[in-house]
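Colleague: I have the structure open and want to go through its packing. Where shall we begin?

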Amino acid sequence: MIGLVVNPVAGVGGPAGLAGSDGADVQRLALARGARSRVQERTAAALAVLAARHPSLVVLTAAGPMGADAVRAAALVPRVVYSLDGDTEDTDAADTARAVEAVARAGAELILVVGGDGTLRDAVAGLGLSDARRMPAVLGIPAGVKMYSPVFAVSPAAAGAIAADWVAQGVLPTEEREVLDIDEAALRRARVDPVLHGFLRVPVRRGRTQARKAPTPASEAAAVEAAARGAVARMRPGVRYLLGPGGTTAEVARLLGVVGTPLGVDVVLDGAVTVAGASEQQLLAETAAGPAQAVVTVIGGQGFLLGRGNQQLSASVIRSLGDEPLMVVAPEQKIIDLRGRPLLVDTGDAALDARLSGHVRITTGVGTSSLYAVASSHTL
């Protein structure tokens, strides 16, 4: 059987520029900044694919916004095996862990867990409470801020397709993969140290299950600097540059003489930061004030340009940037390591992702660049 557990507040911190959504205080601040979670929309996108192939499928799940609501909306049949105490709809990490445990104990063979790295970390905790002799497979539906662990599908639609294949075939090839997460409190003190929280058995489909984020090796420092210098050389006066997260864009900031925000988006105009750690709303205000372009890099090993850790660069922000919204900068080795796999975009807006697909010019050095294929993660 298929199981489903949704973290209803996953991803709310991304558009708010908070680098994550862990903790009630962070969630309240994100909502105060006008952010909202798109977790239910992304859950619906996955379940629509599953329901199209297996109508009226029974899904083991948690009550209300933790799964049952989405299952019913997809015209599937929820079998609720976990409910929140009382009338509250507020959920926390412990609820996710207990819901995953309950779904596993009820007999789910594949559990779809909707959220980010923190949510999958909670799933590891929940399965630690379950019967180790009957450990289900788990697949993350990407709906968080940080999604660097190799336990996610590349998109909600890809997750739905994998789940549909699982139902049709009874089982799929699986691999034991790491669940990594970054301590958000440490991150806000400029410490970016991923921590291993455990392993999950994950169904693997080439092109549909994402790879682990690969860090840039220290030996590539000269190549990173060369790529960053190339980006700086392309910058024009009077243009606001939205510097996204990543080691290469951090080097761009260093060469400009500004201090970047770890895993944040900073707005730089004529060599000065106008907004540090900007939210989606702040970016929209900046792009309305004059010409602007987003400076993004490639997530090593995964190939994502948008939709992983830079949700401040939302569909609305990208649309506001005009005909050439992205300046992509990366050392050439990151492109070689993709072995022909396309770069990926996942803004949550299918039409925009289709518009961004095709080919993009990647700045790899001063006067050097490469043209490389870009695809929407929703079409894989």
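Modeller: Start with a term: contact means heavy atoms within 4.5 Å. Helices (H or I, at least four residues) and strands (E, at least two) are DSSP runs, numbered from the N terminus. This is a predicted model, in which local features need pLDDT of at least 70, side-chain atom pairs count only at pLDDT 80 or more, and totals for chains, interfaces and linings use all residues. Residues are numbered from 1 along each chain as its sequence is written, and side-chain values use heavy atoms, with hydrogens and water left out.

Colleague: Which elements do the buried residues of H10 pack against?

Modeller: Buried means under 20% relative accessible area, exposed over 50%, partly exposed in between (1.4 Å probe, protein chains only). H10 spans residues 280–288, and its buried residues are Glu 280, Leu 283, Glu 286 and Thr 287. They fall within an arc of 120 degrees seen down the axis, so they line one face of H10. That buried set packs against strands S8 (240–243), S9 (266–269), S10 (272–275) and S11 (292–296), and helix H11 (315–319).

Colleague: At what angle do H2 and H6 pack?

Modeller: Axes are lines fitted to C-alpha atoms, for helices over the stretch in contact, and angles run from 0 to 180 degrees between N-to-C directions. Residues on the H2 side of the contact include Ala 45 and Val 49, and those on the H6 side include Gly 160 and Ala 164. The axes of H2 (residues 39–53) and H6 are 7 Å apart, and the angle is about 35 degrees.

Colleague: Are H8 and H9 parallel or oblique to each other?

Modeller: The axes of H8 (residues 221–234) and H9 (residues 247–256) come within 8 Å and cross at roughly 60 degrees. Angles under 35 degrees count as roughly parallel, over 145 as roughly antiparallel, 65 to 115 as roughly perpendicular and the rest as oblique. H8 and H9 are therefore oblique.

Colleague: What covers the buried residues of H9?

Modeller: The buried residues of H9 are Thr 248, Thr 249, Glu 251, Val 252 and Ala 253. Of these, Thr 248, Glu 251 and Val 252 also take part in the contact with H8. The cover includes H8, S8, S11 and strand S13 (326–329).

Colleague: Is Arg 339 buried or exposed?

Modeller: Arg 339 lies in the loop between H12 (332–337) and S14 (343–345). Its phi is positive, about 55 degrees, although it is not a glycine. With a relative accessible area of 77%, Arg 339 is exposed.

Definitions and conventions: Arc of directions from axis to C-beta.
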